[in-house]
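Dear colleague,

Please find the structure below, handed over together with some notes on what was found in it.

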Amino acid sequence: MTTTEDRPVVAPAPQAPPRRPVRGWVATVLAALLVFLVLAAPRELGQLTAAAFLRIPVEALAGVAILLVLPPRPRRVAALVGGVGLGLLTVLKVVNTGFLEVLARPFDPVYDWDRIGNATDVLGGGLWPVIGAVALVAAVVVLVTLSVLRLSRVVGRHRTGSVRAVAVLSVAWLAFAALGTQVVFPVPVAARSAASLVAELAAQVPASLADQRAFEAQMAAPDPFRDTPAQDLLTGLRGKDVVLTFVESYGRSAVEDPAMAPKVDAVLDAGTRRLDTAGFASRSGYLTSPVFGGGSWLAHATLFSGLWVTNQRHHDALVATDRLTLTSAFGKADWRTVAVMPGTFSDWPERPFFGVEQVYDSRNMGDRARLYNRFQTPDQYTLSAFQRAERANPGHAPVMADIPLVTSHWPWANVPSLVDWSAVGDGTVYDAMGGTDDPVGATASSPARMRAGYVDSIAYSLRSLISYVERYGDDNLVLVFLGDHQPTPAVTGQGASHDVPITIVARDPKVLDRIASWGWTDGLKPGPQAPVWRMDAFRDKFLTAFGR
């Protein structure tokens, strides 16, 4: 019999050291990649290349250094606070990039919050875009925060390796920062984009507040035309129908950029010849708009009030006053004043400020066609509706009309064609021309397609105006048309001016004689040396030229 003492002793098999699951390292790598991308991403989309990420973010080095010197519990608190802050900064960075791409200026942390809300209109309006935007912001903040928390735990477990990595990368960052050049790499490797953004936005706050104080001082200054007697206002236009039209996004680039100007200039040159044959003359110059890429209502307020309106706070303060506007000056001088606003779908609260007697909007213009690109009414229909409502009756009282045209508004996805004026009718003629259910997607995917659509829409708007003058113009018509602002930098490229063309057309030679001293170019197209005024200068120059 074998006893237990006789059995050989078998040593237990060696146990492999416990392994951390692969997915844990994958999650760590993804967390590190997300934080790196957030910190290293450039501020402009045009800089978004692979080379742009050959960078060492100083904020990451500083963050790891702080975590290394903290005990475990304070480290977790610091990581949580830092993660939330970095998540919010990520959202702000995206918003700032959007402002640079669309409006050619950085985000203003004092006055631009309302513009973020307006951005939901681009997505079709309604509640769902708002809910989607809020959910996206929350997701970004949560993901970035979780990533920072995970990385803080890794730093705590691997202190020695973390210290060595921070030391090496800090020396490299200091070396590249000292060199200050990009001899080997095409980007500044010593990156501090997140810190720069914070500093830039912080510096913007006092500048914005000072700007508001300066604007309030402008409003408080005496208005040279406020007390002008009615009989001395606009004497050079008595008996005339004055039609002032804004061509949406009609900027200087449309008539000078080699990629766009040939088609637009051909329309303007042909229009000059056709109107000359019909007995009309024209003069053109440039105005500098206070906005770029959007904010049409700010440009409108600037032109009509003679004050430089650059943000919503300016606008809201201005429209609460009784300042004399171009439209209210015409009304004071006994013109009938109207606004034709095809892009407006509700009551216009600024109507009393602008002194408008009658408003025609999408609800009462008689348009039975389906809307182009979700909200656009073809410009030819807008002009036709105005003609039927105000100028068709012989012996009508002189009318002054403010007409912001909308066909050339972004997204430039589908452009109608001109039809015979007798065929415009109730607008259903345009239904056969199509449209697009996804106007944003139709152009946003291709800058070249966006630019081509923009050029086509500007050409259509200009043809509509020229054809209107040919068909309905008479000795008593004075047409003023101008752009409100340049289109987005995706169309113009970076660095374009804020200038927009402006033109006055009339058959009566006495009208243009009044502005002979302005030095404007003959014809519908302003020349390269045509005078450039700030848009807020136009009101006073116009009232002076045509007043007593």
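Asp 223 counts as buried because its relative accessibility is 14%, where buried means under 20% relative accessible area, exposed over 50% and partly exposed in between, with a 1.4 Å probe and protein chains only. Please keep in mind that this is a predicted model, in which local features need pLDDT of at least 70 and side-chain atom pairs count only at pLDDT 80 or more, while totals for chains, interfaces and linings use all residues. Residues are numbered from 1 along each chain as its sequence is written, and side-chain values use heavy atoms, with hydrogens and water left out.

The side chain of Asp 223 forms a salt bridge with that of Arg 539, at 2.8 Å from N to O; the term stands for a side-chain nitrogen of Lys or Arg within 4 Å of a carboxyl oxygen of Asp or Glu.

Helix H19 spans residues 538-546, and its buried residues are Phe 538, Arg 539, Phe 542, Leu 543, Ala 545 and Phe 546. They lie on the same side of H19 because they cover an arc of only 165 degrees around the axis, taken from the directions from the helix axis to the C-beta atoms.

With kind regards

Terms used:
Helix = DSSP H or I, 4+ residues; strand = E, 2+ residues; numbered from the N terminus.
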